[in-house]
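Hi,

Here's the structure I promised to pass on.

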Amino acid sequence: MKKTSLMLLLPVALLGACASTPMMTSMVDNAALPEAVRAPAGSKQTMWTVGAGEITYECRENAAGQYEWVFVTPVATLKNAAGAVVGKYYGGPTWEANDGSKVTGKQLAVAPSTPGNIPLQLVKADPAMGMGAMQGVSHIQRLKTQGGVAPAAACGMTNKGERRQVAYQADYVFYSM
């Protein structure tokens, strides 16, 4: 009787353990990426998210007296492979997990994406603030970008200072050393 009960409970226990384990993230094949945005040798992928949001641009006059759309700030919601919101991304650049931990960083390199999409990017993360998911993050990649380029609308003296939001999406992949 005890053996039968254990046999019936084992699959239920395993199913419960799997349900509480976060869904496995997409693994990135760094060798397939442009060299400039590859994570450094020895890096271990710790988290993968999809960021969806918008990038704000402003019509400004540059030093040559010409007008152009200039990047101002991004804002995006970060979701895991299961589609659950796990954090947010905003100007700084800053990636903040729902647990309150966050990292800022500095761009190391970019590589072209497909036409009409912002470039791929590699960022060196500063030490994390707070304990949690961002603890130990050393590098962040922005991959599989969609949209986010400066508006195609005219930018000139008549609309100087005007701001426009452009939708974008990108995978953000986090690494530790």
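Arg60 comes out as partly exposed, at 32% relative accessibility (partly exposed is the range between buried, under 20% relative accessible area, and exposed, over 50%, with a 1.4 Å probe and protein chains only). Its partner in a salt bridge is Glu58, with the closest N and O atoms 3.5 Å apart; by salt bridge I mean a side-chain nitrogen of Lys or Arg within 4 Å of a carboxyl oxygen of Asp or Glu. Glu58 is buried, at 14%. Arg163 joins in too: Glu58, Arg60 and Arg163 are linked in a network of salt bridges.

Bear in mind that this is a predicted model, where local features need pLDDT of at least 70 and side-chain atom pairs count only at pLDDT 80 or more, while totals for chains, interfaces and linings use all residues. Residues are numbered from 1 along each chain as its sequence is written, and side-chain values use heavy atoms, leaving out hydrogens and water.

Next pair: Lys106 and Asp126 form a salt bridge, their closest N and O atoms 3.7 Å apart. Lys106 sits in strand S5 (residues 102-111) and Asp126 in the loop between strand S6 (120-125) and strand S7 (137-147), so this pair ties together parts 20 residues apart in sequence. (Strands are DSSP runs of E, at least two residues, numbered from the N terminus.) Lys106 is exposed at 55%, and Asp126 is partly exposed at 25%.

Then there's Arg164 with Glu162, a salt bridge with its closest N and O atoms 2.7 Å apart. Arg164 is partly exposed at 33%, as is Glu162 at 27%.

The salt bridge count comes to six.

Cheers

Definitions and conventions:
Helix = DSSP H or I, 4+ residues; strand = E, 2+ residues; numbered from the N terminus.
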